[in-house]
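Trainee: Could you help me learn to read disulfides in a structure? I would like to go step by step.

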Amino acid sequence: MRQSHKAREQQRGRRSEITRERSVTTRSRRKGHRRGRQSSITAFMWTALAAYLSVVAFTDSAISSILGFGNGVGHDPDRAGQMRARNTRENYHAVNEAEQAFLRTGKRGLDSTTKKEKPRVHVKRIKGAKAKLPREQLERDPIAREELPPLSSILVNGKVVPNANTAMLLDYAIIGFAKTGTTSVHRHLASAHTYTLNGEHCELVVNDTAKLIRAIYDDHGMRVKNSKDGIVEKRKRGIKCPQDIQSSAHNYARYFPETKLLVGIRHPIDWFESLYNYRLSNVPWKEMLPTSNLTRGCGPGSQGVCAWRASFHDFLSTLGKTPMNSNEEKKLLTLGLEPVETKVGNVFLYDVAQLSEKRFRRDLQDFLGLSKDIPEFPAISTAGRFDHIDSYKQKSSRKKIDICDDQHEKIRRVLLQKAQRASIWIHGYFMKSPDVHISDRKFFVELLKSWQRDPCG
């Protein structure tokens with residue numbers, strides 16, 4: 001059915017009205033988009049203008065600082081550093097504000113907040129706004145920071161430079177004796193706010209001081225790398241090598257004369273049994289010699305276990321802490337070892353029986369100058385490295401000795417003679433040195449007196 005002329009006119013009118021509404025909507029949307037883009041451009045221009053003004057202000061401030069007028073800084077480097085630090089912090093925070101404002105305007109146009117509060121920008125550039133502040137300008141607690149001299153000033157072509165300042169690289173060293181709690185002391189000093197190098201570092205035993213110095217720098221570099229801001233707090237640094245007491249005194253005197261030395265001892269008969277069984281547990285595939293064959297030096301097959309190493313007082317004498325000018329003293333020393341010609345650091349001497357004492361930990365803390373308490377020394381497992389393998393564990397268990405058995409009477413007799421001489425020399429000569437520090441001397445002396453007797457009865 002055909003529509004009337006009037007109906008067709010009404011339909012065309014409605015279509016025109018719809019078309020006009022769509023046009024208005026489209027123009028409004030386009031206008032809004034243009035307004036948003038203009039707002040973003042306006043915000044960016046504000047930021048750029050503020051950055052330019054900041055550069056001008058900074059340049060003027062720098063020139064004034066150099067010429068000595070304007071801000072009153074003059075040639076005072078400390079005051080100038082404070083001003084630079086303050087400006088840097090202000091710039092750092094201002095950049096973050098500017099960046100956030102730019103992100104807001106870029107997404108939604110210039111909103112009401114941005115209109116009322118233009119971002120205060122005092123910055124040289126936007127790029128790198130989240131970069132860290134320079135080290136010397138960081139706001140930190142007032143702590144001492146560790147600074148090592150360049151390695152090139154100490155080592156050249158793999159050798160130590162003559163007269164190089166190596167003394168400041170090492171604060172303490174656990175130098176002996178084996179099986180006297182050195183592992184416990186090493187482990188717990190590492191948790192007492194110190195930089196204790198991992199493992200044993202016996203480079204001085206083989207006169208490779210350069211290798212030890214490189215290990216110290218490698219440890220320092222690792223700590224710097226793992227720090228948040230590249231700054232390492234200054235702490236006491238130490239190493240452990242139970243063999244140092246026997247052969248490294250001259251290297252400590254030459255390269256580390258101020259290093260404090262920690263030395264542990266115990267009754268030589270108990271010490272021998274502990275070391276012998278330790279070797280059995282950790283090198284179970286090797287045969288140990290009978291104890292009757294170990295009364296002298298450490299020859300082939302001894303695995304480093306022999307009565308010669310139990311002459312604790314002879315090795316202590318190489319540290320040069322006693323006069324060595326009387327026949328009575330020299331008669332007690334039987335190995336003929338020469339003391340160092342120049343001075344070594346102070347010595348902290350202890351008996352393994354003192355490790356569980358609270359006073360011992362406090363005195364050791366004071367001796368080393370530590371700010372943090374040394375934690376309690378728990379019992380350290382004496383299990384061998386291969387005890388998890390039943391065949392090795394059973395083999396080593398069968399061969400472990402009880403030093404009090406009759407078959408070990410010969411080695412006990414030799415060790416008791418050494419214990420008696422060591423007790424007299426340590427008490428009568430070594431302890432009298434002002435460089436030797438001992439925790440609870442009364443208790444220590446009682447322990448030394450027990451060395452005059454065979455612990456097996």
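**Reading the disulfides**

Mentor: Let us begin with one cysteine: Cys298 is partly exposed, at 32% relative accessible area. Buried means under 20% relative accessible area, exposed over 50%, and partly exposed in between (1.4 Å probe, protein chains only). This is a predicted model, where local features need pLDDT of at least 70, side-chain atom pairs count only at pLDDT 80 or more, and totals for chains, interfaces and linings use all residues. Residues are numbered from 1 along each chain as its sequence is written, and side-chain values use heavy atoms, with hydrogens and water left out.

Trainee: Which cysteine does a disulfide join to Cys298?

Mentor: A disulfide is a pair of cysteine sulfur atoms within 2.5 Å. Here Cys298 is joined to Cys306, S to S 1.9 Å. Cys306 is buried, at 0%. The torsion about their S-S bond is about -80°, so this disulfide is left-handed.

Trainee: How many disulfides does a search of the whole structure find?

Mentor: The search finds 3 disulfides. Cys202 and Cys241 form one of them, with sulfur atoms 2.1 Å apart. Their S-S torsion is about 115°, so the link is right-handed.

Trainee: Where do Cys202 and Cys241 lie?

Mentor: Helices (H or I, at least four residues) and strands (E, at least two) are DSSP runs, numbered from the N terminus. Cys202 lies in the loop between β4 (194–196) and α5 (209–226), and Cys241 in the loop between β5 (236–240) and α6 (244–247), so the pair ties together parts 39 residues apart in sequence.

Trainee: What about Cys404 and Cys456?

Mentor: These two also form a disulfide, with sulfur atoms 2.0 Å apart.
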